[in-house]
Amino acid sequence: MPATSETLTAERILAATEEVLRRHGPAKATVVDVARALGVSHGSVYRHFRTKAALREAVTKRWLDRATQDLAGIAADAERDPEARVREWLAALFAAKRRKAGGDPELFATYSVLVGEAGEVVSGHIAELTGQLTEIVRAGAEAGTFAVADPATAARALFQATGRFHDPGYAKEWERPGVEGEFEAVVELLVRGLRR
């Protein structure tokens, strides 16, 4: 068991939970397993997360937020051309999802299950992503680069139209030969549709 002299924080619990999920999967992972991995009682874990569901939602949010943070930097880069930012943002989203699926397939499969349980977390994640995309589209409309009346609607349409390249349900397709070319063709078509 690990030493318990280190302060128990929510972040430590979430990191341990991720390891337990990787090892046992979502069906078998328990709060007791997480506590055991940390060398604490399960009551200590419950002081930070009131229920097993709250812990699972928090670890799912943490996992989803990893991609969101990188994308936020692209969305906020007002010095760059909005069209280039749309392309880069969509490419970064696709790359992040592919890394998650290919880099740790067991954990990706686990999170695919957890995402199905965490409706509010997923809705919040999608709202944050489409909000970032809206920021870019709005900048393009204000600069006269994009001909859109409603940036939020256009951003949601971009997000939905590229779903095949970021929705985990399509993960098996992301490793097929030629998928990058298909992605680029879809993005080119969409960006052309935004232009004046």
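**The largest pocket**

A: The lining of the largest pocket holds eight nonpolar, three polar and two charged residues (nonpolar: Ala, Val, Leu, Ile, Met, Phe, Trp, Tyr, Cys and Pro; charged: Asp, Glu, Lys and Arg; polar: the others, Gly among them). The model is predicted: local features need pLDDT of at least 70 and side-chain atom pairs count only at pLDDT 80 or more, while totals for chains, interfaces and linings use all residues. Residues are numbered from 1 along each chain as its sequence is written, and side-chain values use heavy atoms, without hydrogens and water.

A pocket is an open set of points on a 1 Å grid over the protein atoms alone, with protein on both sides within 12 Å along at least five of seven lines, and a lining residue has an atom within 4 Å of a point. The volume of the largest pocket is about 200 Å³, counted as the space filled by probe spheres set on points joined across faces, edges and corners. Its lining has 13 residues, of which K97, I126, H166, D167 and P168 are the closest to the centre. Two or more lining residues come from each of α5 (82-103) and α7 (119-143), helices being DSSP runs of H or I with at least four residues, numbered from the N terminus. The most is given by α7, with four residues.

A cavity is a separate term: there a 1.4 Å probe fits but cannot get out. The structure holds one cavity of 30 Å³ or more, and the largest cavity has about 70 Å³ of space. Its lining includes T17, V31 and R56.
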